[in-house]
Number of protein chains: 2
Amino acid sequence: MERIMPKKRILPYVLLGLINNKGSLSGYQISQEFKHEVGDFWHASHSQIYPELARMKDDGWLIDHDEDKSTFYSVTETGYRVLRDWMKEPLTDNEEIFSLKLYFINEKSDPLLQHLLKQELKIKQSKLSYLQGRLKEVFIDQKIIQKSFGHYLILTRAIEREENHIQWLESKIAACDAN
Amino acid sequence: MERIMPKKRILPYVLLGLINNKGSLSGYQISQEFKHEVGDFWHASHSQIYPELARMKDDGWLIDHDEDKSTFYSVTETGYRVLRDWMKEPLTDNEEIFSLKLYFINEKSDPLLQHLLKQELKIKQSKLSYLQGRLKEVFIDQKIIQKSFGHYLILTRAIEREENHIQWLESKIAACDAN
DNA sequence: CTAAGCATGTAAAGAGTTACATGATTAG
DNA sequence: CTAATCATGTAACTCTTTACATGCTTAG
């Protein structure tokens with residue numbers, strides 16, 4: 001018995017996180033934000049941003065004030081609670097979401113930081129063993145490597161990538177523990 | 001004077017590449033493929049796959065034959081030309097497309113392999129210097145790091161990630177040159 | 001005086017997901 | 001005999017993009 005369960009929308013949380021980081025942002029400034037680091041893991045065009053901001057204001061997540069021909073939005077208490085609740089939701093095997101949530105943490109001392117790093121480490125460790133299993137399973141001999149060389153490359157690359165990510169996560173967990 | 005230019009669809013090329021890799025696949029088998037390595041950089045649900053296969057057959061990119069209650073598709077000469085043309089199109093800063101194209105190369109001796117690796121290396125090198133520039137530009141002092149710690153983390157992580165990727169690309173380019 | 005950028009908004013179309021459907025086969 | 005998996009297909013909906021629109025300001 002499946003109930004209609006719409007796909008979890010990310011955009012409102014992204015907007016909440018961005019506005020919360022900067023204190024207050026206009027729709028235009030948000031679209032500019034996506035041209036820098038955030039753009040690596042999320043993007044939205046202005047035609048999505050403006051109506052979304054209006055909806056979020058209606059929902060009481062944001063308040064607006066006009067200044068210099070621009071409408072600036074700030075996160076309300078309700079909005080901040082919504083954002084934090086989303087940040088606390090369990091991570092899945094989705095690096096973009098991890099990066100976004102990390103990006104939305106401002107203080108090194110925020111306990112969520114450690115929580116996120118440790119969650120992501122577990123996910124990545126199990127992903128790594130999955131990929132290592134696939135390598136053994138799929139590429140049982142040299143002949144298969146020769147005939148699917150691209151597949152072999154991307155699989156070995158994925159393994160290296162996960163190893164590198166795990167190392168980084170471990171070093172950051174250690175560094176944050178040292179406080 | 002802008003003309004209507006629909007967003008470049010990837011799905012048909014993904015299907016072409018997957019079918020070409022295996023010689024022949026059914027819609028169901030394709031949806032299973034997305035549960036493994038390919039799923040890391042592309043995904044499609046069966047409700048997208050079946051109509052797309054039908055369209056591609058109409059366009060003469062695929063031919064089908066029935067067997068055991070399944071419809072299997074193979075790539076036609078036209079389809080293969082379309083796939084190769086797409087593979088030769090310049091890469092952009094989009095790792096998924098790079099990985100997909102790499103995945104679709106079967107032979108180590110395929111000259112496209114070297115071409116892809118070198119193209120991606122250039123893109124990643126310029127991305128790395130962009131990110132290094134951002135780091136200097138944004139985090140001018142310790143105080144800013146303290147107040148945007150998450151941002152600092154994901155930016156330094158992105159830099160490490162690109163460095164690791166560049167190393168890998170360079171090692172593979174060298175290894176392939178050695179032939 | 002004009003092109004580029006600031007700033008916002010809506011409409012139309014396309015891509016992708018979830019749900020609804022059906023029917024066959026296989027394993028417990 | 002019943003749940004899971006194989007296998008395909010369509011309908012409805014959501015999300016995102018592109019295009020159409022407007023008006024203001026700044027730099028060359």
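Begin by selecting helix 6 (residues 111-138) and helix 8 (residues 149-177) of chain B, whose axes come within 9 Å and cross at roughly 155 degrees. Helices here are DSSP runs of H or I with at least four residues, strands are runs of E with at least two, and both are numbered from the N terminus. Axes are lines fitted to C-alpha atoms, for helices over the stretch in contact, with angles from 0 to 180 degrees between N-to-C directions. Helix 6 of chain B and helix 8 of chain B are therefore roughly antiparallel; angles over 145 degrees count as roughly antiparallel, under 35 as roughly parallel, 65 to 115 as roughly perpendicular, and the rest as oblique. Helix 6 of chain B passes helix 8 of chain B in a left-handed crossing, the near helix being turned anticlockwise from the far one by less than a right angle.

The model on display is predicted: local features need pLDDT of at least 70 and side-chain atom pairs pLDDT 80 or more, whereas totals for chains, interfaces and linings use all residues. Residues are numbered from 1 along each chain as its sequence is written, chains are lettered from A and ligands numbered from 1 in the order in which they are written, and side-chain values use heavy atoms, without hydrogens and water.

Display the side chains of B:Arg84, B:Met87 and B:Lys88 in helix 4 of chain B, which meet B:Leu112, B:His115 and B:Leu116 in helix 6 of chain B; contact means heavy atoms within 4.5 Å.

Now move to chain A and select A:Gln114 in helix 6 (residues 111-138). A:Gln114 counts as buried because its relative accessibility is 16%, the cut-off for buried being under 20% relative accessible area (1.4 Å probe, protein chains only). Leaving aside residues up to four places away in sequence, A:Gln114 touches A:Ile173, A:Cys176 and A:Asp177.

Colour residues 98-175 of chain A, where an unreviewed UniProt entry places "domain: Transcription regulator PadR C-terminal". This stretch of chain A is 86% helix and 0% strand, with its end C-alpha atoms 19 Å apart.

Finally, show both chains. A rotation of 180 degrees with 0.0 Å of shift along its axis superposes chain B on chain A (RMSD 0.1 Å). The two copies are thus related as by a two-fold rotation axis. Of the interface residues of chain B, 100% are also interface residues in chain A, so the copies meet through the same surface.

Note on methods: Buried means under 20% relative accessible area, exposed over 50%, partly exposed in between (1.4 Å probe, protein chains only). UniProt positions are given in the numbering used here, feature names are shortened, and annotations may be inferred rather than shown by experiment. Copies are superposed by least squares on the C-alpha atoms of residues with pLDDT of at least 70 in both.
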